[in-house]
Amino acid sequence: MEQIHTIAPVFDINSRILVLGSFPSVKSRKTQFFYGHPQNRFWKTLAAVMDCECPETTEDKKKFLIDNHIAVWDVIKSCDIEGSADSSIKNVVPNDFTEILSVADIRQIYANGAASYNLYRKYCEKETEREIIKLPSTSPANAQFSLERLIAEWSVIKDRLLPDNR
């Protein structure tokens with residue numbers, strides 16, 4: 001069944017990295033914000049990497065992202081998907097990253113997992129002319145990565161967030 005992405009990207013002129021998921025989970029679509037499933041470790045991972053308290057509310061999460069110069073969105077604008085399973089994604093229409101990349105000072109794009117990485121490479125990389133770096137998925141389905149291991153792997157984003165690092 002076709003699903004349409006209705007969550008606006010979070011970014012501003014000072015955003016330095018862009019983190020991309022594939023498509024919002026059922027829970028995220030219901031809460032109308034990114035990584036809404038309580039078992040997803042995205043917010044805990046980023047908070048630990050940035051040495052901050054983990055944001056709880058949608059407004060706190062938006063403020064956390066903006067304050068830390070992190071933009072977040074998804075690769076897919078619409079697709080056919082069964083539940084939240086990336087493996088079921090078909091009939092992809094990618095998002096247009098023109099606005100984010102023209103407004104924000106994005107120094108690097110990161111993929112939250114293999115699905116977003118592969119989808120970006122297939123549908124977006126030629127258009128954006130920007131490479132993407134794959135990070136391990138924060139999804140609860142990625143059980144092979146402990147929170148500690150996720151934090152260690154995601155720590156690479158800090159270099160690109162420093163004011164003088166390009």
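This tour moves through the structure one selection at a time and states what is found at each stop. The model is predicted.

**Stop 1: C79 in strand 4**

Begin by selecting residues 76-80, which form strand 4, and find C79 within that strand. Is C79 buried or exposed? C79 counts as buried, because its relative accessibility is 1% and a residue is called buried under 20%.

Next, display the residues around C79. Leaving aside residues up to four places away in sequence, C79 touches M1, E2, Q3, F23, I89, K90, N91 and V92. Then select H5 together with C79. These two residues are 74 residues apart along the chain, yet a distance of 8.6 Å separates their C-alpha atoms.

**Stop 2: helix 5**

Move on to helix 5, which covers residues 114-123. Which of its residues are buried? They are S116, Y117, L119 and Y120. Colour these residues and look at what surrounds them. The buried residues of helix 5 pack against several elements, among them strand 4, the strand that holds C79. The other partners include strand 2 (17-21), strand 5 (90-94) and strand 6 (108-112). Helix 6 and strand 7 are also packed against by these buried residues.

**Stop 3: salt bridges**

The whole structure contains four salt bridges. The tour visits some of them, including the one between K62 and E59.

Select helix 3, residues 58-67, and show the side chains of K62 and E59. Their side chains meet in a salt bridge, at 3.8 Å from N to O. Why are these two residues separated by about one helical turn? The reason is that K62 and E59 are three residues apart in helix 3. An α-helix has 3.6 residues a turn, so residues three or four places apart point the same way. K62 counts as partly exposed, with 32% relative accessibility, whereas E59 is exposed, with a relative accessible area of 54%.

Now select D105 and R107. Their side chains also meet in a salt bridge, at 3.0 Å from N to O. D105 is partly exposed, with a relative accessible area of 25%, while R107 is buried, with a relative accessible area of 13%.

Continue to R121 and E125. A salt bridge joins these residues, and their closest N and O atoms lie 2.8 Å apart. R121 counts as partly exposed, at 43% relative accessibility.

**Stop 4: D51**

Select D51, in the loop between helix 2 (42-49) and helix 3. D51 is exposed, because its relative accessible area is 70% and the term applies over 50%.

**Stop 5**

Finish at E129, in the loop between helix 6 (125-128) and strand 7 (132-135). E129 has a positive phi of about 55°, although this residue is not a glycine. E129 is also exposed, with a relative accessible area of 71%.

Conventions: Residues are numbered from 1 along each chain as its sequence is written. This is a predicted model: local features need pLDDT of at least 70, side-chain atom pairs count only at pLDDT 80 or more; totals for chains, interfaces and linings use all residues. Side-chain values use heavy atoms; hydrogens and water are left out. Helices (H or I, at least four residues) and strands (E, at least two) are DSSP runs, numbered from the N terminus. Buried means under 20% relative accessible area, exposed over 50%, partly exposed in between (1.4 Å probe, protein chains only). Contact means heavy atoms within 4.5 Å.
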